[in-house]
Amino acid sequence: MKFARESLPFVLPFVLAAVVALVLRHPVVAAILAVLGFGVLLFFRDPKRHPPADPRAILAPADGLVTRIDRISDPKVGPGEFERIVTFLSVFDVHVQKVPTDGRVIYAGLTPGKKEAAFKPDVDHVNEYFLSVVERANGDRVGIRQIAGLLARRVVCYLNAGDSVARSQALGVIKFGSRVDLLVPAGYAVQVKKGDRVKNGETILALPPAGLP
């Protein structure tokens with residue numbers, strides 16, 4: 001299993017402290033520190049996922065629980081309305097996000113904000129977030145909003161405007177739980193419902209209308 005590179009600053013102090021404890025002949029303390037360090041490392045795990053065969057499918061960008069499905073407008077993503085699928089990440093979920101569709105990144109930017117609890121319904125308006133917009137080959141735009149939360153103090157995105165991306169490649173990481181919103185054009189068929197658990201790079205969240213690539 002791989003781990004996100006962002007894990008190092010969080011895990012290394014536990015490793016060093018465990019080594020010091022062993023040198024000072026405190027094996028119990030060293031063992032506790034090692035277990036804690038391993039627990040932190042698990043937050044950054046990046047398990048291998050198996051995308052479905054259908055290349056048209058828009059995949060989950062994040063692991064977690066679907067807490068809302070609605071329709072909104074978001075000029076930063078593009079004109080018209082979008083189906084929004086909200087995924088809440090607990091501290092036990094995989095914190096690495098993956099690109100949900102093939103395409104070209106036309107926007108990638110951080111919006112500063114607060115760090116309120118991610119389960120609140122309006123945190124996308126007040127909390128810090130990183131928005132990436134991927135334009136598919138057919139011209140449709142898909143938005144991925146990584147939202148910081150009470151425990152998630154930092155959002156990291158690996159994408160830059162102009163990048164060509166493939167679905168299931170690494171998109172970024174939210175440190176210690178939060179929320180990720182997926183926005184697809186209105187008219188796409190949502191394939192999940194509120195209460196479903198999803199896996200990044202594997203679960204189909206939406207399909208374009210018949211006839212569209």
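**Salt bridges and strands**

Modeller: Let's start with a charged pair: R49 forms a salt bridge with D63, with 2.8 Å between the closest N and O atoms. Keep in mind that this is a predicted model.

Colleague: Okay, where do R49 and D63 lie?
Modeller: R49 is in the loop between β2 and β3, while D63 is in the loop between β3 and β4, so the pair ties together parts that are 14 residues apart in sequence.

Colleague: And is R49 buried or exposed?
Modeller: R49 is buried, with a relative accessible area of 14%.

Colleague: How many salt bridges does a search of the whole structure find?
Modeller: The search turns up 14. One of them is between K98 and D46, where the closest N and O atoms are 2.8 Å apart. That pair links distant parts of the chain: K98 sits in strand β6 (residues 96-98) and D46 in strand β2 (residues 45-46), 52 residues apart. Both K98 and D46 are buried.

Colleague: Which residues are linked in a network of salt bridges?
Modeller: R68, D70, R84, R179 and D181. Within that group, R179 forms a salt bridge with D181, and the closest N and O atoms are 2.8 Å apart. R179 and D181 are both buried.

Colleague: You mentioned R68. What does R68 stand opposite in β5?
Modeller: That would be V86. β4 and β5 run antiparallel and are joined by eight bridges. β4 (residues 64-73) also pairs with strand β15 (residues 197-198), again in the antiparallel sense, over two bridges. There, L65 stands opposite R197 in β15.

Colleague: Switching topic: what order do the strands have in the open sheet of three?
Modeller: The order is β3-β16-β14, with antiparallel pairing. β3 (58-59) and β14 (189-190) stand at the edges, and each has a single partner strand, so one side of each is left without a neighbour in the sheet.

Colleague: How many bridges pair β3 with β16?
Modeller: Two, in the antiparallel sense, and β16 covers residues 204-207. If you want a spot to look at, L59 stands opposite I204 in β16.

Colleague: Now the inside. Which residues have the most contacts in the largest nonpolar core?
Modeller: I58, L159, L182, V184 and L205, in a core of 27 residues. The elements that give two or more residues to this core are β5 (81-89), β8 (129-135), β9 (141-147), β10 (155-157), β12 (170-174), β13 (178-185) and β16. β13 gives the most, with three residues.

Colleague: What does I58 touch?
Modeller: Leaving out residues up to four places away in sequence, I58 touches P100, T101, R136, V142, L182, V184, Y188, T203, I204, L205 and A206.

Colleague: Is L8 buried or exposed?
Modeller: L8 counts as exposed, because its relative accessibility is 52% and the cut-off for exposed is over 50%.

How values were computed: Residues are numbered from 1 along each chain as its sequence is written. This is a predicted model: local features need pLDDT of at least 70, side-chain atom pairs count only at pLDDT 80 or more; totals for chains, interfaces and linings use all residues. Side-chain values use heavy atoms; hydrogens and water are left out. Two strands pair if DSSP finds at least two bridges between them. Helices (H or I, at least four residues) and strands (E, at least two) are DSSP runs, numbered from the N terminus. A nonpolar core is a set of buried Ala, Val, Leu, Ile, Met, Phe, Trp, Tyr and Cys residues joined through side-chain atoms within 4.5 Å. Buried means under 20% relative accessible area, exposed over 50%, partly exposed in between (1.4 Å probe, protein chains only). Contact means heavy atoms within 4.5 Å. A salt bridge is a side-chain nitrogen of Lys or Arg within 4 Å of a carboxyl oxygen of Asp or Glu.
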